[in-house]
Amino acid sequence: GNFRIFKTNDLKPISAWIACSERLPEPNVNVLFSNGEDVDMHYWSGEMDDIDDHVLSLHWMPLPAPPK
């Protein structure tokens, strides 16, 4: 196959986690939410009800772009 080996310092983060206290995602998108231990993908319509009641989400980030 066609594989490329990357050195660790060649890798760049996809995106940074954003604190929910700073801002929330735009409505009607799938995003990753985290409570600091677990990471879950959720559809965000703009309502806090979109996130399971038992998960206190502290941070979110957009989904990465799909592979080419």
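Two strands count as paired if DSSP finds at least two bridges between them. This is a predicted model, in which local features need pLDDT of at least 70 and side-chain atom pairs count only at pLDDT 80 or more, while totals for chains, interfaces and linings use all residues. Residues are numbered from 1 along each chain as its sequence is written, and side-chain values use heavy atoms, with hydrogens and water left out.

Q: Which helices and strands does the protein chain have, and how are they defined?
A: Helices (H or I, at least four residues) and strands (E, at least two) are DSSP runs, numbered from the N terminus. By that rule the protein chain holds zero helices and four strands, and its elements follow one another as β-β-β-β.

Q: Why are β2 and β4 called paired?
A: Strand β2 (residues 29–34) and strand β4 (residues 59–62) share four bridges in the antiparallel sense, and because pairing asks for at least two bridges, they qualify. Among the partners across this pair, Leu32 is bridged to Met61, Phe33 stands opposite Trp60, and Ser34 has His59 as its bridge partner.

Q: What makes β1 a partner of β4?
A: Two bridges join these antiparallel strands, and the definition asks for at least two, so β1 and β4 are paired. In β4, Trp60 is the bridge partner of Ile18.

Q: What joins β2 to β3?
A: Six bridges join these antiparallel strands, with Val29 standing opposite Trp44 in β3. The hairpin of β2 and β3 has four residues between the strands, and Gly36 takes a positive phi near 100 degrees there.

Q: Why do β1 and β3 stand at the edges?
A: The four strands form an open antiparallel sheet in the order β1-β4-β2-β3. Strands β1 (18–19) and β3 (39–44) each have a single partner strand, so one side of each is left without a neighbour in the sheet.

Q: What makes a set of residues a nonpolar core, and which residues form the largest one here?
A: A nonpolar core is a set of buried Ala, Val, Leu, Ile, Met, Phe, Trp, Tyr and Cys residues joined through side-chain atoms within 4.5 Å, where buried means under 20% relative accessible area, exposed over 50%, and partly exposed in between (1.4 Å probe, protein chains only). The largest has six residues, namely Ile18, Cys20, Val31, Phe33, Trp44 and Trp60. Buried residues make up 22% of the 68 residues in the protein chain.
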